[in-house]
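Here are my notes on the fold. Please read them with the model open beside you.

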Amino acid sequence: MFMVLSRKKKPRDRPLLGAHMSIAGGAHNALHAGDSVGCEAIQIFTKSSRQWASKPLTEDDVRTFKDTQKASGVHTVVAHDSYLLNLGAPDRELRQKSIDAFVDEMERCEALGIPCLIAHPGAHTGAGEREGLRTIARSLDAIHGRCGGFKVRVALEITAGQGSNLGYRFEHIGNIIDSVKESDRLRVCFDTQHAFAAGYDIRTREGYERTFTEFHEAIGVKLLAAFHLNDSKKELDCRVDRHEIIGKGHIDLEPFRMLMNDKRFFGLPMCLETPKGKDLKEDRETLELLRSFQGGT
């Protein structure tokens, strides 16, 4: 049963808060779970994130998902691609396998009416950053070529820079966008933990403003389509991707207070990717905390 909340009309005076939700038992169950904790937005995987193969969506799957969303208070659903994919792989076989799987995810998003597929750009795995960025751009060109006319957009995610992963500098993302032929089909997702781990210190007002000034200069804030709201288990510039519950990590609360009141980002989905139990208590409490920040300075 859905919660009765005043969330039917999409707000424009605040971010759309939510969390990543499991699709166990069907993608529509993620909507039920999100609605139960007061999400206005959710993020999902459209299939298992740790398997290459996926069971095709049926007409009933699509209809159930869309009907469930209409009955819920979840205004926006975004998807995240599989962790197995690497659009920057120098190995041609792995790269082609990644492109094929990514196209499948694009098709699933298009069928479900999901407007945005969030993706880590890719890893160069020893080929070097310059070549890795070129490879990612070529992979995205191939994907766009096979998804002509699609409404879904790819949102490149800022990464922590762990291993040989690219996208930990804003300039990486800007370079990829500039290199892709149909660059108007690309958007960006800002992950607070990843940016912090990559060395962008958003803990103070000065650091926060400096970070988004650099972001705007390298990419453009108008390309932001989504946020991941995560605290960090590790310290600044650690280059390690480890999320923590907001307020319990090294980033702490102030940056999230600023994000909740930054008019540039009102109306955008902001989803938690933080640790939680089966009862989703942590998500519920964190969303309540974030909403308590709204209307401040």
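1. Four bridges join strand E8 to strand E9 (residues 224-229), and the two run parallel. Strands here are DSSP runs of at least two residues (E), helices runs of at least four (H or I), both numbered from the N terminus. Two strands pair if DSSP finds at least two bridges between them. Phe190 stands opposite Phe227 in E9.

2. A word on the source. This is a predicted model: local features need pLDDT of at least 70, side-chain atom pairs count only at pLDDT 80 or more, and totals for chains, interfaces and linings use all residues. Residues are numbered from 1 along each chain as its sequence is written, and side-chain values use heavy atoms, leaving out hydrogens and water.

3. E8 also pairs with strand E6 (residues 153-157), in the parallel sense, over four bridges. Leu156 has Val188 of E8 as its bridge partner. For Val154, the partner in E8 is Leu186.

4. How covered is strand E8 (residues 186-191)? Mostly: five of its six residues are buried. Buried means under 20% relative accessible area, exposed over 50%, partly exposed in between (1.4 Å probe, protein chains only).

5. Thr76 is found in strand E3 (residues 76-80). Thr76 counts as buried because its relative accessibility is 10%. Leaving aside neighbours within four places in sequence, its contacts (heavy atoms within 4.5 Å) include Lys10, Leu16 and Pro269.

6. Now the whole sheet. Eight strands form a closed barrel with parallel pairing, in the order E1-E2-E3-E4-E6-E8-E9-E12.
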